[in-house]
Amino acid sequence: MNVDDNFRNLEKGIKLDVDLKDNYGGYLRLEQVLSAQIPLSDPPHHDEMLFIIQHQVSELWLKLIVHELKAAIAHIKEEKLDIASKILARVKQVQKQLFEQWGVLETLTPSEYVQFRHVFGSASGFQSVQYRMVEFLLGNKNEDILKMFPDDSDSHDDLCAVLNSPSIYDVFLQHLHKLGYKIPDKCTNRKWKEPHQFNEDLVLVFVDIYKDTNKHWDAYALCEQLVDVEQSFQMWRFRHMKTVERIIGFKKGSGGSSGVSFLKKALELTFFPELLDVRTHL
């Protein structure tokens, strides 16, 4: 093989004199992003870098999910269910990335993790503002979560705003009510900071939608997108629990929770109970 066959000259049109503020790294602020991984172990433990990057990447994906869910809510309010469905399809793909990431963290063995776990003290994913925002946007409201953040902090204000606003399910039910569906008043006129409560009468509305999908296609399609998002979220929760179980067993969580037992209880929570129950009645 000739050496020249394995060499490619740069094309003449490629810009080589790009200003540092306008280049790839500048646009993505890579100097800030790639300098944010600062291990605390001394001397630095090799695997702490994995742990830090895993969680930073998760936060970036969660930021995108928050961004997309807020957009989906806005489009449902504008009666643009088709656009909202497309956005939820993207959310599901982001959720896949979050799910698969656990496989990377699972390469961290218990004996490796225990060597640097002490350095982050009481820091815990339980304190993730963006994770809580995702849960609030999907409807798992819990006002007590606000106690983790100072009253005068941006985190507290951001979470409080989402807590007191209708979730994506609330907005969807309001949309159906506007179209003439017999949505119970308890579902459209309530305190948004409280979690949605299962309603049998609402199940009957969804039974009608699912029995004639052609007639109610837009509503039906969004129902299925919501179910997909919930299922993906539950799969993420389960994988999280199994990863924690694999690495620390049944030790307490770093934030003071019971660890695996606490995560198992989260699997019982549901965002859209009627959309799951409707299957029993078809």
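## Helix α8 and what follows

Glycine 180, which comes after helix α8, has a positive phi, near 105 degrees; helices here are DSSP runs of H or I with at least four residues, numbered from the N terminus. This is a predicted model, in which local features need pLDDT of at least 70, side-chain atom pairs count only at pLDDT 80 or more, and totals for chains, interfaces and linings use all residues. Residues are numbered from 1 along each chain as its sequence is written, and side-chain values use heavy atoms, with hydrogens and water left out.

Helix α8 is mostly covered, since eight of its eleven residues are buried, where buried means under 20% relative accessible area, exposed over 50%, and partly exposed in between (1.4 Å probe, protein chains only). Among the buried residues of α8 are Tyr169, Phe172, Leu173 and Leu176.

## Histidine 177

Histidine 177 belongs to α8, which spans residues 168-178, and this histidine counts as partly exposed because its relative accessibility is 40%. Beyond its neighbours within four places in sequence, histidine 177 is in contact with Ile183 and Thr188, contact being heavy atoms within 4.5 Å. Cysteine 187 is ten residues from histidine 177 in sequence, and their C-alpha atoms are 9.6 Å apart in space.

## Leucine 10

Leucine 10 lies in the segment before α1, the helix of residues 24-27, and leucine 10 is exposed because its relative accessible area is 60%.

Definitions and conventions:
Helix = DSSP H or I, 4+ residues; strand = E, 2+ residues; numbered from the N terminus.
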